[in-house]
Each structure stands twice: as structure tokens, then as C-alpha cells.
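Keep the sequence at hand.

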Amino acid sequence: MSHPPTTSQDDTSPEAILGVDTHKDVHVAAVVSIHGVLLGSHSFPTTAEGYRTMLDWAAALGRVRQAGVEGTHSYGAALTRHLLSAGIGVIEVNQPDKAHRRRRGKTDAIDAEAAARAVLSGRATAVAKTSDGHVERVRLFKLAKASAIKARTQAINQLKAILVGADPTLRDSLTGLSNPKLVRRCAELDPGQPDTPMSAAAYTLRLLAHWIIELTREADDLNQRITDAINAHTPDLLQRHGVGPDTAAALLLAAGDNPQRLTSEASFAALCGASPIEMSSGKTQRRRLNRGGDRQANSALYIIVIARLRWDVRTRAYIDRRVSEGKTRREAIRCLKRYVARELYELIVQTTSHTSQRSTA
């Protein structure tokens, strides 16, 4: 799906902004000049040929250097990679403001124009994730692992629900066992022909137990693949105290394959919801917890802080000192999350920069 820079866009062509409203089967594009004039809008299929046709159509209207795209991490992910390969900067655009929609109405063409105008006005400034490197690999492994764990949990709950109403003869032999022992014992059951309620229950328990064992094997394999992918590109991340494969993966996913798009460690902290929010008014001067940002990354920072509170003496001393200064424990933990975000951001950016330099060389 690579697309070389369009040769028809010479330096004398008027500059324009491309806006795209993405959907599953069709993308709607609009081109707006730098003076705010709508030059045209059109819909294109979500295929490789459709992407090439979209760029040729936009190049005929103006010299496109930037594009505002809705849903760069979902329906617009493939289009984002195609635009970046063509040398066009992609800005992630949120859905239009509801008040604006009430005034103008809602169509795909209007949304595409609004995306282009959001880039033109500077309201949208977030550089889109590239999703073409090791972080994308980690994301796919993590997605599959979460699915396996969810299915395993459901299977365990079903197994225990069957035991509740099973025949006492079968139930008593499996009572009081831990989950691993219970699964192994159920996998060893020999129900024979399932022609009675008791034998049917034993047959179902054995099926569920084998499924749980297989899902556990898949989850362990995916967890190892996540660990290997992280160690291959950001080995120092897992060496930090309290950081495990799941928490490291969540932070890498928040930063993306191009963490340089974040201007500073403060922007990374804000992305993770670990930055303080001003809540001052009149004589009251205070800050509150940030409830926005990537909540999975925020949860990862919280898990790291809790792990350090349990095992690190300095972390506990810091919490005690901030509480004695008048902060609540929750506010002190927020401060720790901010420090952890600063510490790990430097590792993520430096390692990714070195990896990119080695790839370029």
C-alpha cells in the first residue's frame, strides 16, 4: 500500500488541507484551501486503490501536506499508514462539537470538512500514531491475551456453576479444591456415555476443563511474546521496579510507535491522565486529579506505584512525607504517578529513537 509522493503537486500549486471522515466500507474526503474555502468533497472505497484515488483526487485540488483524519486508530488506521507513506502528515481529529452539529446538521461530507478545518484552525494538533512498528505487535498480542483471559474466566465460572447443581456424589469429590487442582481433576474425569444427568455433568466439566487448560496455554504463550517484543526494543523498561509486561505494554500503547509526537514528558503524563488539573477560583487555589487521558495507561501507572509502595522503602517515605504536609493519600499517589510517567517516558523515547536510528542506518 505504499504510495510515492504525487509528482503533480509542484511548488506552485495552492496549498490545501485534506479532511477524512472514516467508515468501515467508505471514507469521505474533503479538501479545504488554506484560506478556508471548500474545494471539493468525495467518497472513496476503503481499498488500496481507493486510497490511491483519494490522493490523486486531492492532489488535483491543491498541494496537500497535512490531513485531518477521524478514527486514526480504528477505521482510519490503514488510511493513516497510507498517507504517512506518501509523505503527508496526519493529525488525529475528534468528532465535531455537538453544538456545531446542531447548527449545521450531520453528514459525512460535513464531518470531513470539519476535520480539515480543525487542522487548519489549529484546534486539532495531535499527531496520529503510526501503528507500524513493535508497539503495534505488542497491541495485537495484548488484544489476543485479553480475549483468552476473558474466555478462561467465563469457562471457570461456568464450571463452578455446574458443580453447584451437580449430583452430590460428583460434587463432593471436587469440593474444597483450588482452581488449578479443580481444573486438573475435572480434566481427568471419565464420564463414559453421557446418557444421564450425572454423566452429562461430568462430560461437560471435562470439556470445560480442557478448554480452560488450552486458554491458559494460549495466555501464557502470548504473555511471553509480549515480554519478548518489549525486551527486543525497550529492554530497560521491564528492569524498572514495579513494571511488568502488562503495565509496560499499556504505557507503550499510549505512546505509540512514534512517541516523539509527544512534545515532552508533561504531555505524556497528560496523555496518561497523571497530570494535575487546575481548579482555582477566587481565593481558592487548588488542583484536582485528572480523570481524562488513557485510562489503561493510568491504571498501569497506579499498579506500578502500588507495587513500589509495597516493596520500596523510599516510596513509602515519600507518601508519609506528603501526607504530613497536608495532602491526602490519593493526592500523594497522584504525585507518584506523575513521577513514574516522567521516569518511564524518557526510557520509551530514548529507546525508540535509538531503534529508529539503527533502522535508518
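**Cysteines, strands and pockets**

Cysteine 272 counts as buried, because its relative accessibility is 0%. Buried means under 20% relative accessible area, exposed over 50%, and partly exposed in between, with a 1.4 Å probe and protein chains only. Cysteine 335 is buried too, at 8% relative accessible area. The sulfurs of cysteine 272 and cysteine 335 are 16 Å apart, too far for a bond. Across the whole structure, the search finds 0 disulfides, a disulfide being a pair of cysteine sulfur atoms within 2.5 Å.

This is a predicted model: local features need pLDDT of at least 70, side-chain atom pairs count only at pLDDT 80 or more, and totals for chains, interfaces and linings use all residues. Residues are numbered from 1 along each chain as its sequence is written, and side-chain values use heavy atoms, leaving out hydrogens and water.

Now turn to strand 4, residues 63–70. Because 6 of its 8 residues are buried, strand 4 is largely enclosed by the rest of the structure. Helices (H or I, at least four residues) and strands (E, at least two) are DSSP runs, numbered from the N terminus. Strand 4 runs parallel to strand 1 (residues 15–21), joined by 6 bridges. Two strands pair if DSSP finds at least two bridges between them. Arginine 63 in strand 4 is the bridge partner of glutamate 15. Strand 5 also runs parallel to strand 4, with 5 bridges. Here valine 69 stands opposite glutamate 92 of strand 5. Strand 4, helix 2 and strand 5 form a right-handed β-α-β unit. Right-handed means that, with the strands pointing away from the viewer, the path from the first strand over the helix to the second runs clockwise.

Next, the pockets. A pocket is an open set of points on a 1 Å grid over the protein atoms alone, where a 1.4 Å probe fits, with protein on both sides within 12 Å along at least five of seven lines; lining residues have an atom within 4 Å of a point. The largest pocket has a volume of about 640 Å³, volume being the space filled by probe spheres set on the points, which are joined across faces, edges and corners. Its lining counts 28 residues, and Glu92, Val93, Asn94, Ala126 and Arg261 are the closest to its centre. Strand 5 (89–93) and helix 10 (265–271) each give two or more residues to this lining.

The second largest pocket holds about 550 Å³. Of its 22 lining residues, the closest to the centre are His73, Lys129, Glu136, Arg139 and Leu253. Helix 5 gives the most to this lining, with 6 residues.
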